[in-house]
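Subject: Handing over the structure

Dear colleague,

I am passing on to you the structure that we spoke about, and I would be glad if you looked through it before reading my notes. The notes come after it.

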Amino acid sequence: MSDVTLAGVSRWYGNVVAVNDVSMTLGPGVTGLLGPNGAGKTTVLHMMAGFLAPSRGTVTIDGAPTWRNPSVYKGLGLVSEREAVHDFLTAREFLLVSARLHRLPDPEAAARRALELVEMTDAQDRRIGTYSKGMRQRTRVAGALVHDPQVLLLDEPFNGMDPRQRLHMMELLHRLGAAGRTILFSSHILEEVEQVSGTVQVIVAGRLAASGDYRAIRRLMSNRPHVFAIHSTDDRRLAVALMGQASVTGVEIDRAGLTVRAGDYGSFTRALPKIALAQGIRVRRLLPSDESLESVFSYLVEA
Amino acid sequence: MVPQTIAWITARGLFGRRRFLLLIPLPLLVVGLAILGRGFGVAPENWAQPVLVGLGLAVVLPVIALIVGTGVLGSEIDDGTIVHILTKPLPRWQIVLPKLVVATAVTTVTVSISLYVAGVLAHSVRLGLGLALAGLVGALVYSALFLAMSLLTRRPVLLGLVYVLVWEGLLGNFVSGTRVLSVQQYVLTIADKIAPTGLLQSKVSLPVAIIMSAIFTVGVTVLAIDRLRSFSVAGETS
Amino acid sequence: MSDAAGVIHDIGYQRYVGPRLGRGYVFKSLYVHGLRTAFGLGRSAKAKIFPWFVLGVVFLTGVILAAVKAQVPDAGVTYTAFVDMMAWLVVFFVAVVAPELVSRDLRAGVLPLYFSRPLRRSDYAYAKLVALATAVWLLLGGPQLVMFLVAAFSADTMKQFWTEVGDVGQGMLYAVLWAAVFAGIGLLVASLTGKRAFAAGGIVAVFLMTTPIVGVVSVMPSQTAQDLALLFSPASLVFGVGVWLFGSPDGNDSIGPFGPLYLAVTIGIVAGCVALLQARYRKVASS
């Protein structure tokens, strides 16, 4: 179990502030680092990986600083965004080199294990220069996993992967996270973060805008109305009854059903069953229609 | 195990790229001209200077050292594969020193053999050995210098060229003060003192040459190791 | 609700049907762009430093020599000798400018963009070559013009004036030879790599490596070898042609009866560079 801690971290280049007073602690499990392009995700990741010094604040892994501290790599693996690998090596040679540089007691076994983990055993003796994009990505992930690190950092790992490879990578990250490793991956694609992790750290314009479970984040933002899609046996009567509720701010009817906007999540969800019961209406379907990360994200960005 | 692995991957990287082919014609040219000169019975005093010094020590040695020295680390920095080497729990000197050894070895093998042959043809085996040994020392100092340059600037090849052509070439010939800081002069002196012939004209003394070579090598290598410790990758790269 | 009739305008993709300028315009545009790039015009200040520095040195030297000649007519340096003096500056100029012209395009991978337009590949090569040659010729010819003006204004008789005109004509022609050879070789070497530093190094290396060959051959015992020695380096090759056409500046260099051979080799090298450049751009990778 390892913890990655950022305490009051800022990073600026002259007049441009790339990361602005970010504090976060990552524990075991998978965390998504979410944010639009240019928000500072890569800067934060590089600082965590020891490739950039914070202008202010500290970045530590289990209390040890990451900057100018090569021993931190014993338990840290990084998959950077840039697709660079040694083209002239085969995957097996690359992993052997990585294992040897980590001073592992049995480099051959470690390399073999890493290859199996990313399903690259078939192509292991071909030069990396002949690989497809997804295969190169998987090779790099294997390289970051060869020493079985407790912390794994991935910068936009799903870039350029086809759906099947994405699924496989997501499942791999899930497994590793469930086994107690601390995994952080960055993305600007919301579906990816949604599907792999429930915990997010949202970075917008260098600042940490939100952190934690994204459903909980959504609930915290009570000044935006929650939107529900309801199907019932009598939509119009239900609509009329709901408009009388204090927590309801708007109701829309169309062929697809009822769309209700509620300002206060708690009181609405308590009131709805009571109203339906009183009116003798059966509610067939009740969907919160914007709990997706997409809406959280766009709300945060527009805020 | 670690130094051998670093050396192995560095050597593979050097020989796997096309630029390695550039290393071949230059030493052959030196040998070819020496054969020409000796074969036609021209007195060595006439052709030794331009071939051994003008071409061999002043051009072939630094240029090959430049290509190899900036290639061992600079090409990995350029294409981003350095990340894989740096995310390992290795003290940075364990990365720099094997690379320096590989660069020196490749440069020496390429240059010293041709210098030895040319020296033998020009004068004697002793001159050949002197040139070869001086070539080894020069390869070490140049390699350290250019390896450090690939960490200190974003355009190491350009700066290396400026150093060799302007500092050592132009100024070294005209401004005597700069000779003390010119690797070419150290190499010249070492070769001349090992095999005193009238053919090479060394302009700095042997103690100065040896001490300055040592200072240069150790100094820039320490600098390089420190810079590698603070190696930064900025924001998003594509 | 207004009842005025509404119209939806079709402002979708529209093909251009107006006049199109021809191949000559394309060539001229690329040529002018190349010439401007050579001197850093239209680019940042950093790109202007080196070309203008070289230009300044060459002009300054020309002005000083012209002034000296005006004061002491016999101690003057001829136009052709002036060009010879500037040899290494021209090499450095070409070594820096040629990569700016072609290596940058290679590095950025924009050649597929260029060639998917009505620009012929050979036109691309020729336009860049002519631009570089013009830049070198301007570098050498501009100071000569200044020297000529100074000499012309200090001439006492019309005969002197016409002599000056003849001399500067020779100098300009000599500069054309230099421009053709150096631009050809420089551009060819630069077109082989996308890294500007390597290209610059390669160009300088070609000139550096060939100089000792001249040195060695010129001390060969045979007179023929000594006459032919100047063939082996581009700078000395053009110098040899100059010696044959205009006479040797200090009367020492002789190329024997091989004058026409020198000219033929010069033309051959220029033609070879042009052909190789054309061949080099025939196949261009798309990535």
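What follows is a summary of what was found, taken chain by chain and then contact by contact.

Please keep in mind throughout that this is a predicted model.

Let me begin with how the chains meet. There are 2 pairs of chains in contact, and of these it is chains A and B that share the most contacts. Chains A and C, by contrast, are joined by no contact, and their closest C-alpha atoms lie 15 Å apart.

Chain A is divided into two domains, with domain 1 covering residues 4-214 and domain 2 covering residues 221-302. If the centres of these two domains of chain A are taken over C-alpha atoms, 40 Å separate them. Chain A also holds an open sheet of 4 strands, which are arranged in the order S2-S1-S4-S5 and pair in an antiparallel way. At the edges of this sheet are strand S2 (16-26) and strand S5 (64-65) of chain A, each of which pairs on one side only. Strand S1 of chain A, made of residues 4-13, runs antiparallel to S2(A) and is joined to it by 7 bridges. To find this pairing on the screen, you could look for A:Val4, which stands opposite A:Leu26 in S2(A).

Chain B is as compact as a globular protein of its length, because its radius of gyration is 18 Å and the globule rule gives 18 Å for 238 residues. Along its principal axes, the C-alpha trace of chain B spans about 60 × 35 × 30 Å. Of the 238 residues in chain B, 54% are buried. When one takes the contacts in chain B between residues at least 6 apart in sequence, 77% of them join residues at least 24 apart.

Chain C has 11 helices and 0 strands, and from the N terminus on its elements run α-α-α-α-α-α-α-α-α-α-α. Its radius of gyration is 24 Å, whereas a compact globule of 287 residues would have one near 19 Å. The C-alpha trace of chain C spans about 100 × 45 × 30 Å along its principal axes, and 38% of the 287 residues of chain C count as buried. Among the contacts in chain C with a separation of 6 or more, residues 24 or more positions apart account for 76%.

Which residues bring chains B and C together? The contact takes 21 residues from chain B and 15 residues from chain C. On the side of chain B that touches chain C, the elements that give two or more residues are helix H2 (25-39), helix H3 (44-79) and helix H7 (156-174) of chain B. H3(B) gives the most to this side, with 8 residues. Sorted by class, the side of chain B that touches chain C has 16 nonpolar, 4 polar and 1 charged residues.

With kind regards

Definitions and conventions: Residues numbered from 1 in each chain as written. Chains lettered and ligands numbered in written order. Predicted model: local features only at pLDDT ≥ 70, side-chain atom pairs only at ≥ 80, totals over all residues. Rg over C-alpha atoms; globule rule 2.2 N^0.38 Å. Buried ≥ 20, exposed ≤ 12 C-beta atoms within 10 Å, placed from the backbone. Contact = placed C-beta atoms within 7 Å. Nonpolar A, V, L, I, M, F, W, Y, C, P; charged D, E, K, R; others polar. Pairing = 2+ DSSP bridges. Domains from an automatic or database assignment.
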